[in-house]
Amino acid sequence: MRTIRGRILLSQVGLLALVLLILDAFTLATLESAYLRERRVFYLTWANIAANTATTYLPEGDPYLRYLARDFATQAGARLLYLDGSGRVVVDSYGDPALEGKTLPGAEVSEALDGKQTSTVRYFPDLGWVMYTAVPIGPSAVRPPAGAVFISASLAPVYASLRAFAVRLALITAGALLLGAVASFLLARLISRPLASLRRAAGELARGHWGHRVNLRGQDELAQLGRAFDRMAEDLQRLDRTRRRFVADASHELRTPLAALRALAEPLAHGGDLPPETYREVAGEILGQVDRMQRLTEDLLELARLDNRLEEGEHLQRAPRDLVALAREAAEAVEPLAQQKGVSLQVEPEVPTLYAEVDDEAIHRVLSNLLDNGIKYTPAGGAVTVRVSRQGERALLRVIDTGEGIPPDRLPFIFQRFYRADPARARRTGGTGLGLAIADRLVRLHGGEISVDSAPGRGSTFTVALPLRKSFPGS
Ligand SMILES: Nc1ncnc2c1ncn2[C@@H]1O[C@H](COP(=O)(O)OP(=O)(O)OP(=O)(O)O)[C@@H](O)[C@H]1O
Ligand SMILES: [Mg+2]
């Protein structure tokens with residue numbers, strides 16, 4: 001009985017059996033005592049009638065007494081004896097000569113001769129259960145009484161009907177137990193079935209079959225557990241898909257520069273004598289590709305680290321920093337890029353200073369990623385502006401460009417890793433689609449959020465909202 005189903009069945013049926021047994025025993029005991037009480041009253045009544053009738057005949061030892069004894073014995077369905085004042089048997093309704101004239105022993109007789117009515121139940125191996133009833137003869141004021149009436153009655157009929165009743169009770173009990181067993185079997189199945197399908201589903205998940213679901217119906221706790229399990233399975237499936245896509249994307253990203261490297265290096269290896277400038281030129285290009293790969297792997301590592309920290313609920317090293325100053329520093333760093341591209345770059349704070357608890361390196365990284373994008377995706381002659389403002393308990397950092405914008409159907413995805421709204425253009429600009437993903441995680445580690453507002457041809461605005469006071473991610 002190791003299964004839950006077995007345990008439920010066993011405990012329910014066991015309990016039911018116990019309750020029924022107690023009930024049966026109680027019923028039988030009550031019935032037995034009621035029967036005996038009724039018999040006692042019955043024999044006492046007959047004994048008293050016999051005693052009253054005999055008052056006048058006893059002293060003479062009248063033969064009429066024998067007739068009376070037989071008559072009452074028949075009516076009471078028992079053996080009846082008339083005794084005299086010394087306990088001697090005067091008449092026996094059975095007419096047993098061995099008994100008549102003898103003194104009858106026993107507590108019942110002596111109590112009756114003491115003037116008391118008694119009734120006892122005795123057991124004899126050869127006769128079975130017997131009820132003895134003895135009452136005194138004569139007016140109760142006269143002591144000692146003139147004699148006594150003694151009735152001996154077999155209780156076999158009483159116990160026979162009790163046995164018959166017990167048999168019926170046993171049948172009813174067995175029926176009830178059977179019904180109980182069926183009911184608890186059904187109940188056990190009701191409980192163990194969903195458990196079995198949960199176990200099966202867990203096994204399927206363990207084998208990597210992420211698509212398997214429990215699909216329990218109903219509202220009870222087990223159905224809720226099943227639904228929670230299915231949600232977990234869905235999360236796992238999504239996670240697995242993300243992981244797979246990540247590996248695929250990462251290898252894809254690495255394949256492009258590796259192919260370029262091969263194309264660059266191969267002529268050098270097999271091409272025989274080449275002019276030294278060619279070597280220098282190719283080496284420069286190789287370095288460029290290596291740079292690109294290095295940036296890519298570093299960004300990937302950084303992303304993995306940030307994801308870990310977000311998951312663990314870790315936080316960054318934070319100290320009060322002036323966001324206006326931070327914005328100026330970030331803009332200065334990308335200024336050469338802007339000049340080269342022919343894009344004007346301004347910082348326009350709406351407040352002179354704005355202190356917030358931040359990790360300045362992280363915010364610098366966020367701002368330079370946004371500024372880099374702004375410059376990269378804005379044609380020459382355009383402008384990129386950084387605005388710093390305060391909104392209640394939050395600081396807002398806005399990077400606004402007048403560039404090409406992002407189509408609305410691409411907007412939801414731009415914070416995903418490796419996502420590039422326009423892959424063809426990205427190849428030109430050398431982006432890998434990790435910049436915004438990193439920025440997004442850094443901002444979230446501050447308990448803030450990053451959002452975008454953009455339309456094709458109208459430019460884009462990226463807004464970073466940071467809590468002014470320290471608050472932990474997720475809180
Ligand atoms: N200011 C912007 N204007 C127009 N499109 C943008 C802008 N910023 C981001 N995008 C779009 O979002 C995509 C994702 O940006 P993200 O910074 O993550 O990657 P990337 O710039 O392509 O590469 P990386 O930043 O890793 O060098 C970009 O490829 C681009 O299509
Ligand atoms: Mg970028």
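Modeller: The crossing of helix 5 and helix 6 is left-handed; a crossing is called left-handed if the near helix is turned anticlockwise from the far one by less than a right angle, and right-handed if clockwise. Helices (H or I, at least four residues) and strands (E, at least two) are DSSP runs, numbered from the N terminus. The model is predicted: local features need pLDDT of at least 70, side-chain atom pairs count only at pLDDT 80 or more, and totals for chains, interfaces and linings use all residues. Residues are numbered from 1 along each chain as its sequence is written, and chains are lettered from A and ligands numbered from 1 in the order in which they are written.

Colleague: Are helix 5 and helix 6 roughly parallel or roughly antiparallel to each other?

Modeller: Axes are lines fitted to C-alpha atoms, for helices over the stretch in contact, and angles run from 0 to 180 degrees between N-to-C directions. Helix 5 (residues 221-270) and helix 6 (residues 276-312) pack at about 165 degrees, with axes 10 Å apart. Angles under 35 degrees count as roughly parallel, over 145 as roughly antiparallel, 65 to 115 as roughly perpendicular and the rest as oblique. The two helices are therefore roughly antiparallel.

Colleague: What is the bridge partner of Ser451 in strand 12?

Modeller: Strand 11 and strand 12 (residues 459-467) pair in the antiparallel sense over seven bridges. In strand 12, the partner of Ser451 is Thr463.

Colleague: How many residues of helix 10 are buried?

Modeller: A residue is buried if 20 or more other C-beta atoms lie within 10 Å of its own, exposed if 12 or fewer, and partly exposed in between, with C-beta atoms placed from the backbone. Helix 10 is largely enclosed by the rest of the structure because its buried residues number ten of the eleven.

Colleague: Which residue just after helix 10 takes a positive phi?

Modeller: The phi there is about 80 degrees, and the residue is Gly447.

Definitions and conventions
Pairing = 2+ DSSP bridges.
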